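Here's a quick briefing to read with the structure open beside you. It covers a sheet and some salt bridges.

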Amino acid sequence: DTLASREELPRPAPALALAARVSPVPDAPAANHEAAELSAAAEPARTPAGARTPAGPMRLPPAPQGWDQGVTRVGLEAGEWPHRPLLCVADDPMSWYQLRSLGAAAVSDPRLPVTVLVNPGPRSTLQRSWVNQVPCDAALAEVHLGVGPGPVGQTDAAVATRFAELAASCAPAAVLLAGASYAVLQCGLIARELGLPVVRLDAGAGRGDVESGRGTLCALLDRASHLLVATGEDRKRELLAEGFAADALVAAGNCTARMLHELQPHLPAFSALMARLSPPRTWLTRAAVGFGLVSAQFDAGDVCPGDALQWLMLARSGSAELPLLWPVSDRSAAVMREPSVHVHLESAGIAVVREHDYLNLLSLLGRARCVVAGPARSLVDEATALGIPAIVVQLVADEPAIPEDSLVTRVGPNAPQFKAAVRSALQRVATEPAGTADLPDAHQEIVAHLAQWLAHQPVPAAPSALVEAAA
């Protein structure tokens with residue numbers, strides 16, 4: 001602003017139009033080199049110092065290592081949009097599945113606009129996940145912004161510009177956020193900046209996740225939203241205590257519990273799964289009376305690989321109370337093959353198996369006595385929805401065991417603490433989860449809240465005004 005007024009600055013071209021012109025660079029080094037040379041040859045000569053740059057299309061650098069997979073539309077023709085749709089944003093399989101179920105419930109309510117699912121990431125990420133194995137009850141339109149992991153500056157800019165143009169193109173009635181990722185937060189902030197109503201599902205969740213940073217993301221997502229849908233009256237009261245306005249809060253049933261019942265027919269048989277995983281026979285003998293399921297992974301956002309040995313020693317102390325089954329991803333398995341870790345693993349009495357498919361993990365969870373999770377709290381929500389105790393281990397300063405609620409206990413890096421938490425979990429009688437008929441239809445409750453709330457919202461700006469704001 002000190003160099004030129006806003007009117008004098010060149011305006012960038014719309015992001016989706018740019019995405020259509022810029023093709024991802026193949027992964028082969030030779031192709032990258034060739035593309036870099038072509039890009040350099042096509043770059044115009046530098047403008048002399050002091051001269052103004054003429055306005056024109058903004059040039060994007062070639063996509064490094066294929067992080068940019070381009071925008072993909074499913075069920076939408078180019079340039080055609082439903083009238084003021086409800087944009088539902090998520091980029092992880094569980095949140096995507098919940099939004100699909102919510103969109104299917106919204107179809108039957110004439111008060112709600114057409115639902116369009118938006119994934120900030122690549123479509124291939126969801127296609128390879130378990131969510132693609134479960135059919136959807138309704139044909140919903142999808143938009144995948146195609147931004148995968150890559151250089152933070154470029155991926156952040158791509159998500160922001162593409163979602164801004166998407167919102168400006170279809171002028172949505174509202175934007176609904178699910179999950180807890182930085183890309184989803186970006187979309188929520190862009191929507192709020194454009195003056196669009198923003199709704200947050202599962203508001204108030206993740207407040208205890210200090211170590212992984214998820215708690216901060218969840219709090220920011222809540223603050224960026226105009227309407228917060230909390231799971232249950234207890235969480236709604238917690239948000240009221242945090243200072244949120246009462247007219248910005250509604251309570252609904254547990255979507256996770258409903259989802260688990262819906263997925264039950266798609267889960268593999270436990271006996272067949274255990275036969276395929278083939279844990280050691282000695283472990284199977286001990287696990288005849290029950291086992292604990294470890295959901296932690298040595299990955300970004302969960303347990304740091306450098307803490308593998310400390311985590312293993314904690315798990316070893318708990319395995320004396322209860323045999324532990326530890327399904328691991330390929331990356332976690334590579335960490336466990338390190339000699340300093342593997343030598344302790346063999347004597348710990350923990351069965352480590354290669355498994356990271358979500359539906360298979362749910363099948364194992366159904367037979368577990370407790371769940372042991374890291375800072376990412378994988379499978380904690382699912383466990384509590386099934387009435388199974390969960391222990392969340394955070395490698396921070398030694399703190400006393402903190403019961404978060406009747407089923408979740410948070411402990412620090414303290415072996416006696418961890419053993420006591422496992423012993424306490426074993427003493428609890430797992431509550432029998434309610435049958436499907438006894439569960440409130442959380443999605444219908446949310447649909448009713450949305451319809452009532454949207455009826456009192458002002459009509460969003462016209463598409464032309466949104467295009468100007470997005471630019």
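A residue counts as buried when its relative accessible area is under 20%. Arg162 has 3% relative accessibility, so it counts as buried. Keep in mind that this is a predicted model.

**The sheet**
- You're looking at an open sheet of 8 strands with mixed pairing, in the order S1-S4-S3-S2-S5-S6-S7-S8.
- Strand S1 (72-74) and strand S8 (249-252) sit at the edges, each pairing on one side only.
- From one strand to the next, the twist averages 20°.
- S7 (residues 227-231) and S8 run parallel and are joined by 4 bridges; Ala230 stands opposite Ala251 in S8.
- Helix H18 (residues 442-454) packs on the sheet, touching S2, S5, S6, S7 and S8, and its direction makes about 160° with that of S8.

**Salt bridges**
- Asp68 and Arg162 meet through their side chains at 2.6 Å, N to O. Asp68 lies in the loop between helix H2 and S1 and Arg162 in helix H5, so the pair ties together parts 94 residues apart in sequence. Asp68 has 6% relative accessibility, so it counts as buried.
- Asp222 pairs with Arg200 at 3.2 Å, N to O. This pair links helix H7 (residues 214-223) to strand S6, with the two residues 22 apart, and both are buried.
- Glu355 bridges to Arg276, with the closest N and O atoms 2.5 Å apart. Glu355 is in the loop between strand S11 and helix H15, while Arg276 is in helix H10, 79 residues apart. At 6% relative accessibility, Glu355 counts as buried.

Terms used
Residues numbered from 1 in each chain as written. Predicted model: local features only at pLDDT ≥ 70, side-chain atom pairs only at ≥ 80, totals over all residues. Heavy atoms only, no water. Pairing = 2+ DSSP bridges. Axes fitted to C-alpha atoms, helices over the stretch in contact; angles between N-to-C directions. Contact = heavy atoms within 4.5 Å. Salt bridge = Lys/Arg side-chain N within 4 Å of Asp/Glu carboxyl O. Buried < 20%, exposed > 50% of the residue type's maximum accessible area, 1.4 Å probe, protein only.
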